[in-house]
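Here's my quick note on the structure you sent over. Have it open on your screen while you read.

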Amino acid sequence: MNQDSHSKQDAREAGERLVNSHASEDPFAAAFKATRMPMIITDPRQPDNPIIFSNRAFAELSGYSTDELIGRNCRMLQGPGSDQAAIARIRAAIAARQNISVDILNYRKDGSTFWNALFISPVRNAEDEVIYFFASQLDVTTVKNKETELAEARRMAEKLVEERTRDLKMALDAKTLLVHEVDHRVKNNLLTIASLLKLQARLTTDVTVAGTLHSVLDRVEALSIVQRKLFTSDDVARFDVAEFARELIIDVVSALKRDDITVELDLSPVLVPAVKASPLALIVNELVGDAVRRGLRDGGGRIDVTVKRLNGHFVIRVHDTLEPADVNVDREEQEFGRLVLETCARQLGARIERGVDGNVNRVDVTLLVGDGEEKTF
Amino acid sequence: MKILIVEDEALLALELESELQSAGHEVVGHAMASDEARHLAERCRPDFAFVDIHLVDGPTGIDVGRHLRDQGIPYVFVTGNLKRIPEDFAGAIGAIEKPYTMNGLKNAVTFLEALVTHDGAIANAPPSLVVAPAFAC
């Protein structure tokens, strides 16, 4: 007998001793043999901790006969695909005489693989010596495959989301670039239009022509401020009428360099949707422009400008103490301004009220904002 | 003031020149590209400069601005995109945003002239001029 045969004989005898210590009617022994759960017992007191007992379920799972299993170490089930870290954990647990539960890829006799949910537990005698290791196995290949499939599906989904996100980001970048480019062109074009009007106004010797060109320039510039304010604000869809009015009035009145025209502002932020920005800007421009033109001609006075929300409505109010316009002077300009004002007001559904209180000329433009519409304002 | 205009749009530059002349200033140079701007800055020694950010050779106005700062020439940016200006304004006093109005430009020029030639106060800058943080009070 060689060394291996000796070891095997020892293992078999150890197994027989174990079986013989349990009478055949011992329900625990019967259960161990008959259960569908694959189980083995090893003897750590023999060299290399060999299998000394295995049940039928284990033979069925592994493809080895009981005879082939007895006397061999469990590592016979391992193969090239078995995780080295899992193997190391099993070794460490056995060396430390501790329980261990681990999922490991094992190999059958025919070389096919199965995922083994392995549980190993030491068995101690009355003297607290570890005399056996009990090991149960569970074929969890189906579960593991499902996990792998799920992980693969998740990976695919993540990849898809990543691709879509990248596509969307590229589309957004392209769109942002386009918006910036269009904004740049609109601004440049507005300034070019203004420059052309100014150049021609400079060249002409005809006072009426110069006046007409400046009249058009004045409205183009109001729209220029709108474009500037719209894109400078963080919210390009909103336009603050009060902020527009402030810049317009300060610019116009400072440039006059006339001490006899004073301005009082009562402005609080009124945000409107971008589509209403241009007509509202033109309304403010006409009201202020009309007052300033009269003030220039007639020796000054005071202009009060109010832009605010009032009782859910939106009010633009320009009151001045300047002389009312002489109907014979600049009648065309007067009519043109009135036409622009009334047309813009009609577009917005705004009401214009004019009146004279003593030396005060009043123009109130009220935008009737319904309950439903108020939220958009 | 002797003024340098750095602007790639000829019509805008021409109109700006007219506006500055009627305000009593002398335009000593007009550059459309960055190297031309640097060259003119050294040759003409202007008292002040208006600098567009986007020039014939790209968004090089910022570099022109830094060069002017190094030469001790005060300037402002004139641009349609304030977001392009670096946080330190590259040493500029501020920026006039395009499309500016005739009145807005006049007020900005009056203010800048007072600031540069008579050590005017930086307070009360007109709304048409965005003052750089370093100059803001």
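The points below go through the sheet and cores of chain B, then turn to chain A.

1. Before anything else, keep in mind that this is a predicted model.

2. Start with the sheet in chain B. Six strands make it up, and reading across you get β2-β1-β3-β4-β5-β6. The sheet is open, with mixed pairing. At its edges sit β2 (26–31) and β6 (129–131) of chain B, each of which pairs on one side only. Going from one strand to the next, the twist averages 25°.

3. Now zoom in on one pair of strands. In chain B, β1 (residues 2–6) and β3 (residues 48–51) run parallel and are joined by four bridges. To find a spot to look at, pick Ile3(B): its bridge partner in β3(B) is Phe48(B).

4. Next, the largest nonpolar core, which has 52 residues. Among those with the most contacts inside it are Val6(B), Ala49(B) and Tyr75(B). Helix α4 (residues 102–117) of chain B is the top contributor to this core, giving seven residues.

5. Val76(B) is also one of the residues with the most contacts in that core. So what does Val76(B) touch, leaving aside neighbours within four places in sequence? The contacts are Phe50(B), Ala92(B), Ile93(B), Gly94(B), Ala95(B), Ile96(B) and Leu112(B).

6. Apart from that core there is another one, of 38 residues, including Ile225(A), Ile283(A), Ala345(A) and Val365(A).

7. Finally, chain A as a whole. You'll find 11 helices and 12 strands there. Of its 377 residues, 26% are buried. Among chain A contacts with a separation of 6 or more, 58% link residues 24 or more positions apart.

Note on methods
Residues are numbered from 1 along each chain as its sequence is written. Chains are lettered from A and ligands numbered from 1 in the order in which they are written. This is a predicted model: local features need pLDDT of at least 70, side-chain atom pairs count only at pLDDT 80 or more; totals for chains, interfaces and linings use all residues. Two strands pair if DSSP finds at least two bridges between them. Helices (H or I, at least four residues) and strands (E, at least two) are DSSP runs, numbered from the N terminus. Axes are lines fitted to C-alpha atoms, for helices over the stretch in contact, and angles run from 0 to 180 degrees between N-to-C directions. A nonpolar core is a set of buried Ala, Val, Leu, Ile, Met, Phe, Trp, Tyr and Cys residues joined through C-beta atoms within 7 Å. A residue is buried if 20 or more other C-beta atoms lie within 10 Å of its own, exposed if 12 or fewer, and partly exposed in between; C-beta atoms are placed from the backbone. Two residues are in contact if their C-beta atoms, placed from the backbone, lie within 7 Å.
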